[in-house]
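Me: Got a model open here and want to talk it through. Can you take my questions as they come?

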Amino acid sequence: MADYLSWSCEEVAKWIESLGYPQYMACFTENRINGRQLILINCSTLPRLGIIDFEDMKAISHRIQELLETEEPRWNRSIALPRRDTRGLFLEKKSRTGECADSLTYSQFLKEMDN
């Protein structure tokens, strides 16, 4: 899987800086956002980290989704629709800590989804 899952808080902050947002590095380090937790960051969680500029929130959230190669679920998405993309669901499972999340592979996840 992707390298970003093993990023430390400092590596996430450096990535944020590389995107052109050095002013937000502390928001990520002080909130201890590592690579796994980055999976859960989107426009609705950024204000809790201290990022409140709407344009910056949209841009950072978009770049996170690009990094993860997923799409952020639409807020008005009907529950009657088919499941979200499998990569996004897999990454949500990988965002957790513990032996099960650590050892889970994408192929195992896909097999579980089929059952």
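Me: Let's start with Ile64: buried or exposed?

Reply: Ile64 counts as buried, because its relative accessibility is 0%. Buried here means under 20% relative accessible area, exposed means over 50%, and partly exposed is in between, with a 1.4 Å probe and protein chains only.

Me: Before we go on, what sort of model is this, and what are the ground rules?

Reply: This is a predicted model, so local features need pLDDT of at least 70 and side-chain atom pairs count only at pLDDT 80 or more, while totals for chains, interfaces and linings use all residues. Residues are numbered from 1 along each chain as its sequence is written, and side-chain values use heavy atoms, with hydrogens and water left out.

Me: Back to Ile64. Where is it, and what does it touch?

Reply: Ile64 is in helix 5. Setting aside residues up to four places away in sequence, Ile64 touches Trp15, Leu38 and Ile41, where contact means heavy atoms within 4.5 Å.

Me: Zoom out for me. How many helices and strands?

Reply: The protein has 8 helices and 0 strands. These are DSSP runs numbered from the N terminus: H or I of at least four residues for helices, E of at least two for strands. Buried residues are 37% of the 115 in the protein.

Me: How many residues are in the largest nonpolar core?

Reply: The largest nonpolar core has 27 residues, and Ile16, Tyr24, Phe28, Leu38, Leu46, Ile51 and Ile60 have the most contacts inside it. A nonpolar core is a set of buried Ala, Val, Leu, Ile, Met, Phe, Trp, Tyr and Cys residues joined through side-chain atoms within 4.5 Å.

Me: Pick Ile60. Which residues does it contact?

Reply: Leaving out neighbours within four places in sequence, Ile60 is in contact with Ile16, Tyr21, Tyr24, Phe28, Leu46 and Ile51.

Me: Now helix 6 and helix 8. At what angle do they cross?

Reply: The axes of helix 6 (residues 86-94) and helix 8 (residues 106-114) come within 10 Å and cross at roughly 110°. That makes helix 6 roughly perpendicular to helix 8, since 65 to 115 degrees counts as roughly perpendicular, under 35 as roughly parallel, over 145 as roughly antiparallel and the rest as oblique. The axes are lines fitted to C-alpha atoms, for helices over the stretch in contact, and angles run from 0 to 180 degrees between N-to-C directions.

Me: Who makes the contact?

Reply: Helix 6 brings Thr86, Arg87, Leu89, Phe90 and Lys93, and helix 8 brings Tyr106, Phe109, Leu110, Glu112 and Met113.

Me: Which residues of helix 6 are buried?

Reply: Arg87, Gly88, Leu89, Phe90, Leu91 and Lys94. They pack against helix 3 (35-38), helix 5, helix 7 (99-103) and helix 8.

Me: Last topic, backbone. What's the phi of Arg32?

Reply: Arg32 has a positive phi of about 55°, although it is not a glycine. Most residues other than glycine have a negative phi. Arg32 is in the loop between helix 2 and helix 3, and at 59% relative accessibility Arg32 counts as exposed.
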